[in-house]
Each structure stands twice: as C-alpha cells, then as structure tokens.
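Have a look at the structure first, then read on.

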Amino acid sequence: GSLIEQLTTEKYECMVCCEVVRIVAPVWSCQNCYHVFHLNCIKKWARSPASQAEDGNSGWRCPACQNASTQVPKTYTCFCGKVHNPEWNRNEIPHSCGELCGKKRQCLDCPHICNILCHPGPCPSCPAFVTKTCECGQTSHSVRCGQSTKIHCSNVCGNTLNCGKHSCTQVCHAGKCSPCQLTAQQVCYCGSNFKEVLCGTKEEFSDGFGNFSCQNICGKKLNCGRHNCTQVCHPQPCQLCPRLPQVVYRCPCGQTPLSKLLELGCVERKICTDPIPSCGKTCGKPLSCGSYEFIHTCESLCHEGDCRPCSHTSNIYCRCGFKKKVTAITFMCDKRCNKKRSCGRHKCNEVCCVDTEHKCSLVCGRKLNCGLHRCEEPCHRGNCQTCWQTS
C-alpha cells in the first residue's frame, strides 16, 4: 500500500539517481526486496564495477538488498511481468497492466495464484481456507492456506512401531515414531543360547524356532539318531549323517570306491555305525604343516578320523626373517634391531623385531622453556611444548 501511494503521488525516489520516479517513466522492480528503480539507472548500475558480486561470478548486486542477479534488465514490464511497456491509465496503479497478478505465492504449500490486480511489492497471503490433518492423522482442522505450522492434537499417536507388534504411546507428534523400546528375548538356532534385544531388532534369519547364530557347534541329533551335528549353529535343517551308507561311496582316504572293495570281499555297510572299509593304501592327505614349496602328507595307512601329527621337520625363518632353522614351530632369533625409534634419539634394540613404526616408549625428560620442569610426554622429535604449570 505504501508503494502504491508513493508511486501514484510521484513521491518515490530511485535509489540510484535519487530522482523522483515519474508515472510515465520506465521502471524495474527487484523481485527480492521489491524496490523500484528507473530502468536506465538499473542498467547503468548493473554494468558498473561497483555492482559486481564479491566472487565475480554471481553477476551484479541489487543496490537495495544486495541480492545477486545474473541477467541485466533490458525491457520495461509491468509488476506481474505479463505486459511489456504498459501504458499509464489514470484509474490504474502506475506501471501496472490492470489485470490479475496471477503470480505464485511465496508459500510452498499454497496451490492458489495471486487474485488481486497487478501490483508492486509482495503478494498478500492467501485468503482461502483448507482442511489439514494433524501429525498423527486422527483429527482434521480448517486452517489458512499456506500456513506452514504443523497441527498437533492431544490424542495418543497409536501408529504401529517398527517392530510391527506395538503401537506408539506418544502424543501426536511430527516425523516418524521412535523405535520400539521394549525388550524381547531371542533364542539361537540350536536353542542353547538366549539374548535380550530391543523389540523390532532385525533378525539374521528366522526359521520359526531361532533368530540368530551363537557360533557354537549345533550338537543336535542327526536323522540317523546316533550322531550329532558338527556344524556351527545354523538356521537350515541339519545335514544328513555323513556316515550313512547311501552317502559314503569311497574309502576313508578317498582313493578307492567302496564298490571295488565289495568285489574284493569287504562286508557291505548297513548302518552309519558300521566301519568304513580301508583300502590299505597310504593315506596321502595333505597336513596343515609344511610350506608353499613342499606340502607334507599323511604317511599312515588309509584310516578314519583325523590324521596323526606330522613327523617331518621344515626349514622355517624367524619372525624377522634374519635366520633360518629346521623346526616344526616358529622361533625367534637373537638379533637386536639397530633402527632408530620415532623420536630419532634412541635405538629400537628389540630382539627379532618385526615392528614397522618403532615408536619410542621412553619419557622425553628434557627441560621445558621455564627451566624448572621437565617434559613428561613420550620421547618425540622437535621442540617440547610450553610448560603448562603456573607459578
């Protein structure tokens, strides 16, 4: 209203030239602060070095609000931007087209356009009323369109929580409901261990009886009824007994089929507890010892169960790689490391050292700048810190 009155009575001054803005003079209006300027004045200002933005890449600045723009005004338009070079009419607002404004309001959630005549300044708030629901969705209220405030009722939210079992007990609130804080007891797949977790905690896999793996041996009876499961706690059904006659097709070392041993007179197996016939050959299974160059194998005759410990010895380097020894276990040499520690003052002196950083564990102990106290930090390079004690 103040803008309309000053433009109509020719009392509004251009901020660039400080002259009165005449009714018939071409003008330009800033869309950020709504100040009105002479079109020629704003063109000169936009091209002048004083108007450039600080970074030099954002264009020129409005003289009033310092809002940066990239495009320099070229044409004289009405305030709503629909008509170029509007003619002045005594019964209309100066520099307006006399038609409905039609611009979108600044409110993000208002779908209505401005329904007053072309005007300077910001569009007024929307006069329409709309029905909005509260945050929990249980009640509805009639509010002014474009009102950004959230509506809260006094009811309990009641929405289902992340666990899918319990409901939210908070009063109508914004955003998502908090995770369920109740605790539930979960059992492992093998049924030997339990743990307390928050209700709704994602389960690894539920087989209807358990929810997580305890990483222990399952131990459930297999379908044969004579042996126990040796797998780590698992959700799937236990495997078939590995000793069933329909599962075992070869001798314990795997070199000879059982069908060939049956032809040689071996007794056919009926149940899983029957011994698996041996072929009589050397086992030959690779042992866990040895090296990449030479793999040790089992020298016992074909047998059931684990292989015996290896009877061979190997050439093994110490942990720092300085010495080599014929042994079956790792060993340490007696060489002391001569490399400097991280402080640059002391040697590492560690036996059979494999450290790469060589951090110094001694206390610095040098006098500080005060001359009274000594540095208590670990031994380090460079100058010590200033004394922090006061006197």
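Trp60 is buried, at 2% relative accessibility, where buried means under 20% relative accessible area with a 1.4 Å probe and protein chains only. Please keep in mind that this is a predicted model, in which local features need pLDDT of at least 70, side-chain atom pairs count only at pLDDT 80 or more, and totals for chains, interfaces and linings use all residues. Residues are numbered from 1 along each chain as its sequence is written, and side-chain values use heavy atoms, with hydrogens and water left out.

**Aromatic rings**
- The structure holds two aromatic pairs (ring centres of Phe, Tyr or the six-membered ring of Trp within 6.5 Å; planes under 30 degrees apart are stacked, over 60 edge-to-face, the rest tilted).
- Trp28 and Trp60 make a tilted pair, 5.7 Å centre to centre with 55° between the planes.
- This pair links distant parts of the chain, as Trp28 sits in strand 1 (residues 27-29) and Trp60 in strand 3 (residues 60-61), 32 residues apart; strands are DSSP runs of E with at least two residues, helices runs of H or I with at least four, numbered from the N terminus.
- Ring pairs join Trp28, Phe37 and Trp60 into a cluster.
- Trp28 is buried too, with a relative accessible area of 18%.

**Hairpin**
- Strand 7 (residues 183-187) and strand 8 (residues 194-198) pair in the antiparallel sense over five bridges; pairing requires at least two DSSP bridges.
- Gln186 has Lys195 in strand 8 as its bridge partner.
- Six residues lie between the two strands of this hairpin, and Gly191 in the turn has a positive phi of about 85°.

Definitions and conventions:
Buried < 20%, exposed > 50% of the residue type's maximum accessible area, 1.4 Å probe, protein only.
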